[in-house]
There are 2 protein chains.
Amino acid sequence: MNPSSRPPGSGPRRARQLYEATLSQLAEHGYDGLTIEGVAAASTVNKTTIYRWWRSKDELLTDALIGSDSLNLAVPDTGSLRGDLIGLVAEARRMLTSPDTAPTVAAAFAAAASRPALATMVKRFFADRLEREQVVFQRAVDRGELAADVDRQAVMDLLIGALWLRVMFRDEPVDEDFDGQVVDLVLAGVEQHRDRGAR
Amino acid sequence: MNPSSRPPGSGPRRARQLYEATLSQLAEHGYDGLTIEGVAAASTVNKTTIYRWWRSKDELLTDALIGSDSLNLAVPDTGSLRGDLIGLVAEARRMLTSPDTAPTVAAAFAAAASRPALATMVKRFFADRLEREQVVFQRAVDRGELAADVDRQAVMDLLIGALWLRVMFRDEPVDEDFDGQVVDLVLAGVEQHRDRGAR
């Protein structure tokens with residue numbers, strides 16, 4: 001069984017508490033220092049129970065990244081594609097900059113490039129996100145705001161990639177002006193794509 | 001003296017060889033395993049000579065990231081902003097995917113988010129890049145292709161950020177089609193900005 005395909009709620013009752021403990025342990029000790037034993041100690045769920053559901057720390061961490069409340073993706077529904085995309089960027093921005101989540105994000109995503117096990121988890125995290133983001137694009141297509149053939153993944157890669165580069169590599173402060181700026185740049189590109197297609 | 005502001009060529013004669021040895025040691029042993037001693041052994045430049053120019057491994061690594069041939073930024077001059085940006089993305093793509101450079105990039109940049117010393121170096125690397133990329137935008141302004149007030153850093157953040165996300169996080173293959181796709185999306189946005197400004 002693939003643990004990540006388990007329906008929400010069918011894991012152990014205290015799955016959410018375990019997920020948060022897993023992410024805290026990751027932020028505190030790094031990927032190499034993360035152990036099922038440590039998570040058990042931090043969460044008061046015993047080791048045997050954890051192993052009943054997850055065969056390895058990688059499986060637990062994958063589920064924690066995708067299923068935790070703190071890294072959860074609230075999909076906005078503002079009535080416009082612009083509003084929804086700004087909401088998605090704002091949420092990702094808070095995740096990359098908030099003291100509650102930034103250390104987890106750094107520990108999990110920043111190290112993914114050099115660790116195959118982490119890379120697989122991060123890949124699944126982003127695939128899961130894109131799947132949940134689809135509704136934003138679909139609603140925009142239904143409203144006639146967006147051409148159906150726009151590459152949605154490219155749009156998200158541009159927005160979230162720009163945010164990552166600005167925060168993680170350039171180490172510059174970002175605020176809601178940034179969200180609006182990058183969304184407007186990308187949306188102007190997407191609209192021109194639509195206009196060209198309509199001609 | 002700030003070692004990174006030293007003019008090229010005024011360092012030790014074998015600076016370039018040292019830079020490559022530094023990046024190889026980084027790729028092989030990670031940031032924590034990188035030592036001046038190791039670089040000395042790998043480069044046949046003796047330790048005392050290295051310490052004459054760089055007080056610490058961080059100073060040496062900063063200069064290596066910015067000054068090495070393998071991570072060097074060849075600024076294209078194709079006659080169009082589109083061609084130049086595609087060239088810049090293509091070069092960054094090769095750097096992120098080539099077996100010669102990808103391990104170095106992963107070791108240096110991927111870990112930057114969680115290590116303050118590395119973060120400072122990466123920040124300087126990107127600032128140096130942006131400075132060298134300015135000529136591409138300036139030429140486009142001079143040719144009338146680009147509004148002078150377009151945020152050049154935002155354009156580069158979108159392009160290189162999208163590349164980073166696609167390669168490092170989504171772990172998907174990228175080729176020259178990707179370069180053209182993201183450049184066209186962003187340029188369409190930039191052009192609409194210009195058209196709006198002209199109205």
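## Aromatic pairs

B:Tyr19 and B:Trp54 are both buried (buried is under 20% relative accessible area, exposed over 50%, partly exposed in between; 1.4 Å probe, protein chains only). The model is predicted: local features need pLDDT of at least 70, side-chain atom pairs count only at pLDDT 80 or more, and totals for chains, interfaces and linings use all residues. Residues are numbered from 1 along each chain as its sequence is written, chains are lettered from A in the order in which they are written, and side-chain values use heavy atoms, without hydrogens and water.

Rings of Phe, Tyr and Trp (its six-membered ring) pair if their centres lie within 6.5 Å; planes under 30 degrees apart are stacked, over 60 edge-to-face, and the rest tilted. That rule gives 14 aromatic pairs over all chains. One of them joins A:Phe125 and A:Phe126, edge-to-face, at 5.5 Å centre to centre and 85° between the planes. A:Phe125 has 4% relative accessibility, so it counts as buried. A:Phe126 is at 8% and therefore also counts as buried. For B:Tyr19 and B:Trp54, the ring centres are 6.1 Å apart and the planes lie at 70°, so this pair is edge-to-face. B:Tyr19 lies in helix α1 (residues 15–33) of chain B, and B:Trp54 in the loop between α3 (47–53) and α4 (57–67), so the pair ties together parts 35 residues apart in sequence. Helices here are DSSP runs (H or I, at least four residues), numbered from the N terminus.

## Cluster and charged ends

Ring pairs link A:Phe109, A:Phe125, A:Phe126, A:Trp164 and B:Phe169 into a cluster.

A charge sits over a ring if NZ of Lys or CZ of Arg is within 6 Å of the ring centre and within 35 degrees of the ring normal. The charged end of A:Lys57 sits over the A:Tyr31 ring, 4.1 Å from its centre. In chain B, the charged end of B:Lys57 is over the ring of B:Tyr31, at 4.2 Å.

## Symmetry

Chain B superposes on chain A by a rotation of 180° with 0.0 Å of shift along the axis (RMSD 0.0 Å). This is the relation of a two-fold axis.

## Interface

Chain B and chain A each give 39 residues to the contact (heavy atoms within 4.5 Å). Together they bury about 3600 Å², 61% of it on carbon and sulfur atoms. Buried area is the accessible area (1.4 Å probe) lost on putting the two parts together, summed over both. B:Leu158, B:Phe169 and B:Arg170 supply 21% of the area that chain B buries against chain A, more than any other three residues.

Six salt bridges are counted between the chains (a side-chain nitrogen of Lys or Arg within 4 Å of a carboxyl oxygen of Asp or Glu). One salt bridge joins B:Arg170 and A:Asp157, at 2.7 Å, N to O.

Notes. Helices (H or I, at least four residues) and strands (E, at least two) are DSSP runs, numbered from the N terminus. Copies are superposed by least squares on the C-alpha atoms of residues with pLDDT of at least 70 in both.
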